[in-house]
Amino acid sequence: MSYTPSIESIDTVLVDLPTIRPHKLAMATMSHQTLVVVSIRTTDGFVGIGEATTIGGLAYGEQSPEGIKLAIDTYISPLLRGADAGNVNATMQLLVSPIQGNSFAKSAVETALLDAHGQRLGLPVHALLGGALRTSLPVLWTLASGDATRDVDEALALIEARRHRVFKLKIGRRSLADDVAHVAAIRRGLGGEVMLTVDVNQAWDEATAVRGIASLEDLGVALIEQPISRRNRRGLARLADRFDVPVMADEAVHDAQDAFDLAADGAADVYALKISQAGGLWPTLRAAAVADAAGVGIYGGTLLEGSIGSIAAAHAFSACPHMTWGTELFGPLLLKDDVVTERLVYRDFELQLPQGPGLGVRLDANKIDFYRRDRASRPVAVTA
């Protein structure tokens with residue numbers, strides 16, 4: 001009789017990492033990022049890791065790092081202890097009825113299971129998803145210091161270093177006139193050949209969005225991300241129909257059901273897909289399939305994850321047939337430090353996909369101990 005490995009333990013730890021500079025968004029200014037690092041040990045000796053993050057605690061959405069950890073420790077871990085560690089789909093199905101929502105926690109757990117199973121089989125995670133269609137992914141950079149001169153200098157240095165050549169601007173905190181002037185100043189500083197996008201993070205009402213998008217379109221902005229409330233789907237549809245510049249849904253699209261509903265309403269030209277919002281790598285691929293069927297462009301979004309979450313997303317995005325708008329998996333670059341033994345490789349404007357078994361990254365036990373919020377607790381399990 002063949003041996004079936006099972007889940008022996010699930011451990012979580014909160015890790016607080018400083019950012020390289022204040023990161024200013026419409027809803028918050030970040031000076032650090034909190035990672036929820038998940039470690040799943042299996043009875044055949046493998047340890048898989050996963051990660052979940054949010055932006056600004058509860059400022060971005062309904063799930064917080066503390067809540068994610070609580071959901072895993074209190075509800076998910078007891079359900080999955082002893083479950084089949086080699087059948088990731090069947091094990092994740094155990095959470096469907098007992099655990100409503102909590103997509104961030106589910107994503108971190110699924111990532112850790114896929115990482116362990118990839119190590120078990122000697123295959124990278126993307127192979128478990130059907131195989132990579134690309135070995136690297138283009139990555140844009142967000143200019144979010146709030147100062148146009150500093151942002152231009154930063155962008156030019158990144159272009160020279162061949163790290164990024166597409167830039168997103170975070171707007172929506174200031175008056176519309178000030179936001180448009182800020183974008184115009186950066187456009188002048190970078191010239192017309194550099195691709196710029198903007199993210200409003202739901203900060204505008206529809207009337208403001210009409211005026212704002214018209215001005216930004218005149219400035220040659222290539223993409224407008226979530227200009228109004230995620231719940232105003234009809235308004236998004238009106239904006240997408242009114243302007244030539246593509247409108248992207250971000251907060252409005254989480255999973256395949258959202259992707260279908262938005263497509264049915266013609267409410268967006270592009271979807272920003274995120275593994276945490278979808279509930280995992282497989283759910284992200286299902287949402288991407290809906291987008292492909294509807295003729296909607298796909299963009300690989302981020303919640304400013306560290307290396308674990310970012311490379312997990314990269315494995316999923318590498319398996320998507322179409323990634324027209326690239327990705328913004330720059331989260332690790334925004335952090336002064338990380339909790340993996342080797343940081344991710346960004347070269348020639350793209351994130352390089354690891355080819356080793358599992359995720360291709362491993363925890364650094366010393367960094368976990370140093371940055372963990374609860375330093376007195378038992379360290380999370382790590383591989384050698």
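These legends walk through several close-up views of a predicted model.

**View 1. Two domains side by side in one protein.**
Let's start with the overall layout. The protein is divided into domain 1, made of residues 6–123 together with 366–371, and domain 2, made of residues 128–359. Their centres, taken over C-alpha atoms, are 23 Å apart.

**View 2. The interface of domain 1 and domain 2.**
How many residues of domain 1 are in contact with domain 2? The count is 44, and they meet 51 residues of domain 2. The size of an interface is often given as the accessible area lost when the parts come together. Here the area buried between the two domains is about 3,800 Å², and carbon and sulfur atoms give 61% of it. Charged side chains take part as well: three salt bridges are found across this interface.

**View 3. A salt bridge between D337 and K367.**
Look for the side chains of D337 and K367, which meet in a salt bridge. The distance from N to O is 2.9 Å.

**View 4. The largest nonpolar core.**
This core holds 123 residues. Which of them touch the most other members? They are V15, V37, F167, Y271 and V339. Both domain 1 and domain 2 give residues to the core, so it lies between them.

**View 5. The surroundings of Y271.**
Now zoom in on Y271, one of the core residues named in the previous view. Neighbours within four places in sequence are left aside here. The contacts of Y271 then include M248, A249, V253, A259, L262 and A263. Further along the chain, Y271 also contacts A291, V296, G297, I298 and Y299.

Why is strand β3 (residues 47–53) described as largely enclosed by the rest of the structure? Seven of its seven residues are buried, so the rest of the structure largely encloses β3. On one side sit V47, I49, E51 and T53, and on the other G48, G50 and A52, all of them buried. Strand β2 (residues 29–42) runs antiparallel to β3, and seven bridges join the two. As a landmark, find S39, which stands opposite I49 in β3. Four residues lie between the strands of this hairpin, where G45 takes a positive phi near 95°.

**View 6. An open sheet of three strands.**
The strands come in the order β4-β13-β12, with antiparallel pairing. At the edges are β4 (136–138) and β12 (346–347), each of which pairs on one side only. Three bridges link β4 to β13 (residues 350–352). To find this pairing, look for S136, which stands opposite Q352 in β13.

Definitions and conventions:
Residues are numbered from 1 along each chain as its sequence is written. This is a predicted model: local features need pLDDT of at least 70, side-chain atom pairs count only at pLDDT 80 or more; totals for chains, interfaces and linings use all residues. Side-chain values use heavy atoms; hydrogens and water are left out. A nonpolar core is a set of buried Ala, Val, Leu, Ile, Met, Phe, Trp, Tyr and Cys residues joined through side-chain atoms within 4.5 Å. Buried means under 20% relative accessible area, exposed over 50%, partly exposed in between (1.4 Å probe, protein chains only). Domain bounds come from an automatic or database domain assignment. Contact means heavy atoms within 4.5 Å. Two strands pair if DSSP finds at least two bridges between them. Buried area is the accessible area (1.4 Å probe) that two parts lose on being put together, summed over both. A salt bridge is a side-chain nitrogen of Lys or Arg within 4 Å of a carboxyl oxygen of Asp or Glu.
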